[in-house]
Amino acid sequence: MEDEVHTLPYGSWPSPIDAALAAAHDGRPEYVGFVGDEVWWTEPRPAEGGRRALVRRRADGVEEQVLSGPWNVRSRVWEYGGRPWAGGTVDGRLLVVFVHFADQRLYRYEPGGGAPRPLTPVSAVGGGLRWADPVLCAERGEVWCVLEEFTGDGPGEVRRVPAAVPLDGSAADDRDAVRELGDGGHRFVTGPRLAPDERRVAWLGWDHPRMPWEGTEVVVAETGDDGRLRGARTVAGGPQESIAQVEWSSDNRLLYASDRTGWWNLYRDGEPLCPREEEFGGPLWKVGERWFAPLENGLIAVVHGRGATVLGILDPESGELVDAAGPWTEFCPTLAAHGERVVAVGASPRTGHEVIELDTRTGRARVIGAAHRDAVDPAYYPEPQIRTFTGPEGRDIHARVYPPHHPVCTAPAQELPPYVIWAHGGPTSRAPLVLDLAIAYFTSRGIGVAEVDYGGSSGYGRAYRERLREQWGVVDVEDCAAVALALADEGTADRARLAIRGGSAGGWTAAASLAATDVYACGTIVYPVLDLTGWASGETHDFESRYLESLVGPLAEVPGRYAERSPVTRADRIAVPFLLLQGLDDVICPPVQCERFLARMDGRRVPHAYLAFEGEGHGFRRAETLVCALEAELSLYAQVFGLRVPGIRPLELTR
């Protein structure tokens, strides 16, 4: 690397982090688990059409892909999916069951035993039959999981129940051979958890209009000798209490994470184990997410924190909590325990997501899979600042600020950098403290990024989440603007060169911000919600179809609010250039919303570009799409901010 420092305008710094490199590192390993003594997980393959591969770490330490393409281990339950596989040993042989994305059937696979064999049938009704969050019950000859069954063609014509699928393949062409474990008493359920003594089963359930982070119930049923469940009853939770996860301890006691105190904390048979103003749970966006895992010796592995999360081991008897040592600043809600071993997925601002094993005997944590390897000199990585800003009415706003950063480039002394405000999706989510090469793509060129955990974000307690109640399009917009203006006022950012970008709910915030404020010079809007009335009237999937009742208010009671806040009805207020990116297979935020919005923009002579991608759904997965989207976004900023960015294709803006 050169030692000479070059003075170049912001945005024109040469960077080895191109869009192809960022795309190749998009996504992360998920759904870790043990198959015998081996550790298995799924991980993305952007260069292979965005499929999810199943990967194993063999006993000899070799990491290998289990099934080659076109096998795609991914569930569509709730459309966001969930845990798509489970495994174990049967008669000394490894056995795995998994969901294949293309047909959503559950398959049985024995390494070295031939091709996968289907366990479940195909249904031509609506979205068909879907499966998630499986648990292998080999001694019963079954796999227990969530069944999502469409009963008609509409997105709301669906039912969900805990179910048992025979492992012998007898249900491969026979829906009647699938044994339903629940009575359909809830609209939404998680996978059943069988107690070690096999006498009781627990799962979570909830109903519209609640989202799982608003209110859920723990359901417990007794298991009969015939394998049927009896006496299902609610033992915890309710409309104002969110239970994020439920499990059983090794001594058959019920464990769950509840936010009854305003924070997701752990409970055992209703008694708090480690009361803290921290989160030991999170928003259940995908069925099968795990923030804690009980060990055979009675200890509990936990992912916890306030904002960023760490991995720890909790002694439920003493309440003592010891965190694993290591460089990782963020752990995902995926955990597995086997004997005294715990497996998790962690990352840091210097490393991407890795599979990490913690030996609870020695306290040693080490990377065992998907190990981070620097694709470029780490000197080009962004350096985050954890900030808390003051918003309207004096409220705190949490954010991560990534200033422009380059090892050998600096800007002229009097120049202030352009900044892009990133609004995360959800909106009940948050920005993780991890290395993201998409952020590095901008910061290494001299464009700052600020990720805002606006009011409504998770990780800071229930009161912070509920700031967005009936205020979506208000609080999120205000908080992002407050951070942007604070950066400008303190001399960190150029007030004339501020942009906003976001995907999904973040796309809504970006579009709403362009319509409601004059803070930004341009914006990037990715697979967004743009029309609240349409979205609440059947244009989205069942899982979030009633979400707006808490975010905005009941449509029947406040229809004017839906219209007033929607960018599609406020298009006349947007006067700055924007880029709109959309997947044509998106059933969560469908393309019709973009088309309606663009029709309202027609004739207004506002420079913009609309890129729609075949074969992409909600969340881009294909390498070629990710490259195109990232380069288009940079080109937008180059044109609007007057940047001289070398080596990118110009984005054509129409009027």
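Predicted model: local features only at pLDDT ≥ 70, side-chain atom pairs only at ≥ 80, totals over all residues.
A polar contact is a pair of N or O atoms within 3.5 Å; within protein, one must be able to donate a hydrogen and the other to accept it.

E247 sits in strand β19, which covers residues 243-248, and it is buried, with a relative accessible area of 6%. Its side chain makes a polar contact of 3.3 Å with the side chain of R290, and another, of 2.9 Å, with that of Q245. Setting aside neighbours within four places in sequence, E247 also touches a group of residues including R193, R253, L254 and F292.

| Pair | Closest N and O atoms |
|---|---|
| R130 and E79 | 2.9 Å |
| D269 and R253 | 3.4 Å |
| E279 and R465 | 3.9 Å |

For the last pair, E279 is in the loop between β22 and β23 while R465 belongs to helix α3, 186 residues apart. E279 is buried at 4% relative accessibility, and R465 is buried at 7%. D269, on the other hand, is partly exposed at 44%, and R253 is partly exposed at 28%.

What about R130 and E79? Both belong to one network of salt bridges that share partners, along with R76, E148, R160, R187 and D542.

Finally, take a look at helix α5, residues 505-516. It spans 16 Å from its first C-alpha to its last, close to the 16 Å expected. Eleven of its twelve residues are buried, among them W508 and L514.

Key: Residues numbered from 1 in each chain as written. Heavy atoms only, no water. Helix = DSSP H or I, 4+ residues; strand = E, 2+ residues; numbered from the N terminus. Expected span 1.5 Å × (residues − 1). Buried < 20%, exposed > 50% of the residue type's maximum accessible area, 1.4 Å probe, protein only. Contact = heavy atoms within 4.5 Å. Salt bridge = Lys/Arg side-chain N within 4 Å of Asp/Glu carboxyl O.
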